[in-house]
Amino acid sequence: MVRLTLDLIARNSNLKPRRKETISQCLKKITHINFSDKNIDAIEDLSLCKNLSVLYLYDNCISQITNLNYATNLTHLYLQNNCISCIDNLRSLKKLEKLYLGGNYIAVIEGLEGLGELRELHVENQRLPLGEKLLFDPRTLHSLAKSLSILNISNNNIDDIRDLEILENLNQLIAIDNQLLHVKDLEFLLNKLMKLWKIDLHGNPVCLKPKYRDRLILVSKSLGNFKTMHHIVPVYYPQVGKPKLVFFSEIQRYPVNGNASPESSREDYTKIIEEMGNLSLKQSESLLTKNGVHEPHLFHNPKEKENLFVENE
C-alpha cells in the first residue's frame with residue numbers, strides 16, 4: 001500500500017520550480033492533486049499545500065479521511081470507491097462545494113456540519129450489510145438545508161426520503177435503484193421541495209404504480225424535467241388526414257432563441273404549430289427539423305394517444 005505524502009506528490013507531479021524556487025515553495029502554490037487509482041491507503045500531513053482546491057483520490061484503499069484540516073481552500077473532493085465507513089474530519093473545509101463519496105462503506109450521512117458552501121453530495125452505491133439502508137443524520141441535513149442543490153443517493157436500499165424535506169434549495173435528486181414504494185411519500189416531499197426540477201427514480205418499486213409520474217408532476221410546482229418523461233403534442237397534417245404524435249423533450253418543446261425567456265419561447269413554439277397547419281407534409285417536417293424538433297416515433301394505436309406522459313424505455 002501507498003501513503004500520500006509531500007515527497008510522493010513532489011516526485012510524481014509535474015512541478016517546475018522557477019529559478020531559485022524550492023520544492024516547498026512549489027507545493028505551496030499547487031492547486032490540483034490527482035492520485036486516483038494509486039493504491040493509496042492513507043493521507044499524510046499535506047499542510048504545506050495550502051492552496052489546494054481540487055483533490056482526486058478515487059479508486060484507492062483509503063479507510064479513514066485524515067489530515068485534510070489544513071485544506072481550507074478545497075472546493076472539490078473525490079473519494080469515491082475507497083474503504084471509508086465514516087465521514088469525519090471535514091468540518092474545517094468551509095469552501096467545499098462538491099463531495100464525492102460513492103462506492104464506500106458509509107451507513108450514515110453525518111459529519112458535514114459547518115459545510116455551508118456544499119452544493120453537491122454524491123453518496124451512491126454504498127456497500128452496506130445485507131438488509132441495511134443508508135441513513136441521514138438530522139444535524140447534517142439541517143446544516144446543508146440552504147446550500148445543497150444536487151444529491152445522489154442511488155442504490156442504497158432507501159425506502160423513505162421524507163427527511164429530505166429540509167433541503168429547501170435542492171433542485172436535482174437522483175435516487176435510482178432504491179426501495180421507494182409509496183407515491184404519497186413522494187408527493188409529500190415534492191410539496192416541500194419547491195425548487196426541485198429534476199428527479200430520477202428509475203428502479204424503484206414506486207415506478208410500477210399506475211400513472212405515478214402524472215401524480216408527481218401535478219403535485220409539484222417546480223418539477224420540469226422528470227427523468228424519461230416526454231411531452232406528447234398532437235400535430236395535424238392536412239394532406240394526410242390523420243394526427244401524428246411528435247415527441248418534444250423539455251428543451252425541444254420550447255425552442256431556444258438566443259437569450260429569449262421561456263414565455264417568448266412558448267410563443268415561438270405556438271407560431272410553429274400554427275404555421276404547420278397551413279403547410280404540406282413535406283414542408284411541415286422540414287420546419288420541425290429546422291427548429292431542432294424531430295419525430296422519432298409515430299403511434300397509430302388510439303389507446304397510446306390517451307396517455308399524457310409516457311416512459312422512454
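## Close-up views of a predicted model

**View 1. Threonine 5 and its neighbours from elsewhere in the chain.** Leaving aside residues up to four places away in sequence, threonine 5 touches Glu44 and Leu46; contact here means heavy atoms within 4.5 Å. Residues are numbered from 1 along each chain as its sequence is written, and side-chain values use heavy atoms, with hydrogens and water left out. Please keep in mind that this is a predicted model: local features need pLDDT of at least 70, side-chain atom pairs count only at pLDDT 80 or more, and totals for chains, interfaces and linings use all residues. You will find threonine 5 in the loop between strand 1 (2-4) and helix 1 (6-12). Helices (H or I, at least four residues) and strands (E, at least two) are DSSP runs, numbered from the N terminus. Threonine 5 is partly exposed, at a relative accessible area of 24%. Buried means under 20% relative accessible area, exposed over 50%, and partly exposed in between (1.4 Å probe, protein chains only). Threonine 5 and aspartate 45 are 40 residues apart in sequence, yet their C-alpha atoms are 6.8 Å apart in space.

**View 2. The whole chain, for orientation.** Step back for a moment to find your bearings. The chain has eight helices and 16 strands. Of its 313 residues, buried ones make up 43%. Take the contacts between residues at least 6 apart in sequence: 45% of them join residues at least 24 apart.

**View 3. A salt bridge between glutamate 120 and lysine 98.** A salt bridge is a side-chain nitrogen of Lys or Arg within 4 Å of a carboxyl oxygen of Asp or Glu. The count by this rule is eleven salt bridges. In one of them, the side chains of glutamate 120 and lysine 98 meet at 3.5 Å, N to O. Glutamate 120 belongs to strand 8 (residues 120-122) and lysine 98 to strand 6 (residues 98-100), so this pair ties together parts that are 22 residues apart in sequence. Are these two residues buried or exposed? Both glutamate 120 and lysine 98 are buried.

**View 4. A salt bridge between two loops.** Here aspartate 159 forms a salt bridge with lysine 133, and the closest N and O atoms are 2.7 Å apart. This pair links distant parts of the chain, 26 residues apart: aspartate 159 sits in the loop between strand 10 (150-152) and strand 11 (172-174), and lysine 133 in the loop between strand 8 and strand 9 (135-136). Aspartate 159 is partly exposed at 37% relative accessibility, and lysine 133 is partly exposed at 32%.

View 5. The side chains of aspartate 185 and arginine 162 form a salt bridge, 3.7 Å from N to O. The two residues are 23 apart, with aspartate 185 in helix 4 (residues 183-192) and arginine 162 in the loop between strand 10 and strand 11. Aspartate 185 is buried, with a relative accessible area of 18%, whereas arginine 162 is partly exposed at 35%. Which residues make up the network of salt bridges? They are Asp160, Arg162 and Asp185.

View 6. A pair of aromatic rings is described by the distance of the centres and the angle of the planes. Rings of Phe, Tyr and Trp (its six-membered ring) pair if their centres lie within 6.5 Å; planes under 30 degrees apart count as stacked, over 60 as edge-to-face and the rest as tilted. That rule gives three aromatic pairs. The rings of tyrosine 56 and tyrosine 58 have centres 6.4 Å apart and planes at 85°, so they are edge-to-face. Tyrosine 56 also pairs with tyrosine 78, and this pair is stacked, with 4.6 Å between centres and 20° between planes. Tyrosine 56 lies in strand 4 (residues 54-56) and tyrosine 78 in strand 5 (residues 76-78), 22 residues apart. Tyrosine 56 is partly exposed at 24%, while tyrosine 78 is buried at 14%. One aromatic cluster is formed by Tyr56, Tyr58, Tyr78 and Tyr100.

**View 7. Helix 4 and its partners.** The buried residues of helix 4 pack against strand 11 and helix 5; among them are Val183, Leu186 and Leu190. The axes of helix 4 and helix 5 (residues 212-219) come within 9 Å and cross at roughly 25°. Axes are lines fitted to C-alpha atoms, for helices over the stretch in contact, and angles run from 0 to 180 degrees between N-to-C directions. Helix 4 and helix 5 are therefore roughly parallel to each other (angles under 35 degrees count as roughly parallel, over 145 as roughly antiparallel, 65 to 115 as roughly perpendicular and the rest as oblique).
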